[in-house]
Every structure is written in C-alpha cells, then in structure tokens.
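Hi,

Here is the structure I promised to send over. Have a look first, and then read on for what turned up.

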Amino acid sequence: MLLIYEETDNFNHLQYNYSFEAKLILSKEEIQNFYKEIIKYIKEYGVKVSRSFKRERIYQGRTLFANLIYRGKTLCILFPLDANDPEFTKYRFIDMSQYKKYSETPSLIKVSSNRKVKYVIEILEKLFISNNVSNQNLTVKSEKIKKKSKLTLIKEGLIKKNN
C-alpha cells in the first residue's frame, strides 16, 4: 500500500498566548459570575489582589492566600494547603505539588459550579481567620467585565502571538 502525502501549509498556523484577563473576558458569563463572587468576597476583607499576565495573586503583606489561574477554559484557584490534610478532605483538592511552579500553592480546585464557589469562600475564610485577617465589611462594587473581541485583545497586548 502506497501513501502519497500532499504538501500543505498546516504547520504555519498561528498560536496565541492568552493572558488571565483575556481568558476572563472571553469566558462564559457563568464563569465570570463565579469570578466576580470570589473577588467581591476577598475585597470585603480588604485583602489585596494583584494581576500578572497568567494569574491573580490574593495576598496581604507577605502572606499568600491563593492564586487564581485558568487551565484551558476553566477557572481554578490554588491554595497554600496540603492537599492530603484531613481537615480539608471535603474539598477534594487536586495535588499539584509535583510541579515546581505550584510549589507555593499546591492544592487546586476547579471552580465549575456554585457549590465550588462556596467551597472556595469557606477555605478563604479559614485562611483569613488563621492569619488574623478580620472582615472589614467594605462596600465593594461588582466588577464589570467588558466584552471585547479577540482582535481587540490582540491589539491591547492581552493576547500575544507565538511564532
């Protein structure tokens, strides 16, 4: 049997590197609502949130409480907890400790439902209490996520082209 291959230009497709903000803007409205609920809870405590290209850090001073990331189209949150700790077995963490970049925050939860959002808020509350962060009951405006096209995000530098 003889196979004949035609030369095609399939290897020249552009690949893109999406930032956290770009993935958030392009995500479904349900996932955006999960994000808004978590961020609103965090900001009520007066805890800081800083965004880099690939993640958001939740911290106060030098204490890191969590990292928000996207894995594919799924919003995930990483906690600095032991995934095998019996106190947290209810939450069914995914253990990411074998990866070097997750060494500070090895316990991952995929935020895919309202129940998972409640779990994330419970865990954050436990972390805040253990680090003596009191609820300041700050009034927080709901964060608005503007719809933008992929082309606009590329022009703004939130999506980078890979060669």
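Let me start with helix 3, where Val117, Tyr119, Val120, Ile121, Ile123, Leu124, Leu127 and Phe128 are buried. Keep in mind that this is a predicted model. The cover over those buried residues includes helix 2 (29–44), strand 4 (63–71), strand 5 (74–79) and strand 7 (107–111). I also checked the length of the helix: at 1.5 Å a residue, the 17 residues of helix 3 (114–130) should span 24 Å, and the end C-alpha atoms are 25 Å apart, which agrees. After helix 3 comes Asn132, with a positive phi near 55°.

Next, a residue from one of those covering strands. Ser107 sits in strand 7 and is buried, with a relative accessible area of 0%. Its side chain reaches the backbone oxygen of Leu81 at 2.5 Å. Beyond its neighbours within four places in sequence, Ser107 is in contact with Ile77, Leu78, Phe79, Leu81, Asp82, Ala83, Phe93 and Ile94.

As for the whole protein, it has 4 helices and 8 strands, in the order β-α-α-β-β-β-β-β-β-α-α-β from the N terminus. Its radius of gyration is 19 Å, well over the 15 Å that the globule rule gives for 163 residues, so the protein is more spread out than a compact globule. The C-alpha atoms fill a box of roughly 70 × 40 × 30 Å along the principal axes. Of the 163 residues, 35% count as buried. The protein exposes about 11,000 Å², with carbon and sulfur atoms supplying 48% of that.

Cheers

Key:
Residues are numbered from 1 along each chain as its sequence is written. This is a predicted model: local features need pLDDT of at least 70, side-chain atom pairs count only at pLDDT 80 or more; totals for chains, interfaces and linings use all residues. Side-chain values use heavy atoms; hydrogens and water are left out. Helices (H or I, at least four residues) and strands (E, at least two) are DSSP runs, numbered from the N terminus. The expected span of a helix is 1.5 Å times one less than its number of residues. Buried means under 20% relative accessible area, exposed over 50%, partly exposed in between (1.4 Å probe, protein chains only). Contact means heavy atoms within 4.5 Å. A polar contact is a pair of N or O atoms within 3.5 Å; within protein, one must be able to donate a hydrogen and the other to accept it, and residues adjacent in sequence count only if both atoms are side-chain atoms. The radius of gyration is taken over C-alpha atoms; the globule rule is 2.2 Å times the number of residues to the power 0.38. Accessible areas come from the Shrake-Rupley method with a 1.4 Å probe; for residues, only the protein chains shown count as cover.
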